[in-house]
Amino acid sequence: MSLKINYSKKTEANVSKNIVFFVDEKFSTNRVGKNLSSKEIYFINDLLKSADLKKKILTFGMSSNKNIILISSKKDYKISDIENLGAEFYGIINHGKNSEYDIISESVLIKKETFLGHFLHGLKLKSYQFNKYKSKKENRSFIINVLGTKNIPSKQNQIKFKAIEEGTFYARDLVSEPGNVLHPDEYAKRLSLLRKDGLKVNIYDEKKLKKLGMNALVGVGQGSVRGSYLVTLEWNGDKKKSKPLAFVGKGVCFDTGGYSLKPAKFMEDMTYDMAGSATVAGLMKNLAIRKAKINAVGVVGLVENMVSGNAQRPGDIVKSYSGKTIEILNTDAEGRLVLADAITFTEKKYKPKFIVDLATLTGAIIVCLGSEYAGLFSNNDKLSKEIFDAGEKVEEKVWRMPLHKNYDKLINSKNADMQNINYVGGAGSTTAAQFLQRFILNKTPWAHLDIAGMAFSKYGGALNSGGATGYGVRLLNQLVEENYE
Ligand code: BES
Ligand code: MN
Ligand code: ZN
């Protein structure tokens, strides 16, 4: 499937058989004007009498073999409404075979240059498919011509939308890859290609990680025949050398649970256990493509949690990069071990303005919030509010969950400074976050997003058609754009 969007100066539709107009919520045709004959308008008005006006998009087949598509919009539409409308329009296109559509830009009701931009952005995001491993390729192709110069997005906005799309698709591609293809060695290699986009990429391999003392991270990967890595992606868009914004991601390429083995039903999804890292990579790619005027760094820990004669055992004690010791009571609580070292490293090396980490960390967050909200845990109210507001705006929502020192007793260990699971049970997502918080050593504003319920969608959502969602790229882009640029 290919989808091409062209902008054209001419205003008369004559290329395609499908002409698209924007109308008001009552579907009044008084503005569709010169592209239709009065006979055609009369015909449509007649059909409208019996049409379901609760629908947002109506298609009329004309006797001339032409389709007229009317899309209704309200003046008070939020940005997400406009994007969802574009996604809905993709649903109409997707029913057909090869086809071409002429959108009459003059007919846009909401006279903001971003209306069409967001409409097409929603359409694009929804159109993503991952079919790399299907031997029968779909060869349908769709062309959308945006006619006229009125109400079209500026060049600058077109670049912004494209950057977010590419960042989101990059994240979705990574998450969609199976574990046998995207193991840590391959993942590190792919991330090194981001240099082409202008990112500075540094790869710390297992030898370096051991030397640095990142034993919590290395321990998780020690049962794998693949290496373990920490990869940093730096973007320097602010020449004033301001403190960077830091994004840290969990990159467990496959999570068998280790010796605390997962049952088959819970293991089969665990190729997406690297989604946090994919979001960080997609976000950084987006910032580089649109040349954001900020400094930012992405840090991802890449490992594979396997079973072997050399794998970690329940009861093992490791010394983390922070110096704190951890008793590993459950090898399936591995994400927090990877993040622990990545977080301390990020804080120490970059002294960032804030750290936001993303991870498919706990099944418990799915019990709490399902697939509507990511769990947000933070030591900072201002950062929390900024992330919450950004989430509402782009409809990648977060809901704040508690941290409290009273939870600490649940992860204190008899034999080490802490243990990696809460043996009493309860509040599984909070105790995981409380664990992570111990690896912020210098009070850096920090937020943890548990995206276990958000990274992958079985049935599809407003702006994705099922599979990897790329959740978090748009959220964090909005956070940056709105508050830090
Ligand atoms: N990767 C899982 C969490 C997960 C579960 C992500 C379902 C996506 C969907 C994580 O590593 C894990 O296994 N967590 C355990 C923690 C427990 C052992 C304390 C869990 O949630 O059961
Ligand atoms: Mn696990
Ligand atoms: Zn995991």
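Me: A polar contact is a pair of N or O atoms within 3.5 Å; within protein, one must be able to donate a hydrogen and the other to accept it, and residues adjacent in sequence count only if both atoms are side-chain atoms. How far is a nitrogen atom of ligand 1 from a polar backbone atom of Leu361?

Reply: This is a predicted model, in which local features need pLDDT of at least 70 and side-chain atom pairs pLDDT 80 or more, while totals for chains, interfaces and linings use all residues. Residues are numbered from 1 along each chain, chains are lettered from A and ligands numbered from 1 as written, and side-chain values use heavy atoms without hydrogens or water. The distance for Leu361 is 3.5 Å.

Me: How much of the accessible area of ligand 1 does the protein cover?

Reply: A backbone N or O atom of Gly363 lies 2.7 Å from an oxygen atom of ligand 1. On its own, ligand 1 has 510 Å² of accessible area (Shrake-Rupley method, 1.4 Å probe). The protein covers 77%.

Me: Which residue coordinates both the manganese ion (ligand 2) and the zinc ion (ligand 3)?

Reply: Donors are N, O and S atoms within 2.8 Å of the metal (3.2 Å for Na, K and Ca). Protein donors of the manganese ion come from Asp255, Asp332 and Glu334, lying 2.1 to 2.2 Å from it. The two ions are 3.1 Å apart, and the residue that coordinates both is Asp255.

Me: What is the arrangement of the six donor atoms around the manganese ion (ligand 2)?

Reply: Six donors count as octahedral if opposite donors are over 155 degrees apart and all others between 65 and 115. Here the angles run from 69 to 165 degrees, which makes the arrangement irregular.

Definitions and conventions
Four donors count as tetrahedral if all angles lie between 85 and 135 degrees; four count as square planar and six as octahedral if opposite donors are over 155 degrees apart and all others between 65 and 115; anything else is irregular.
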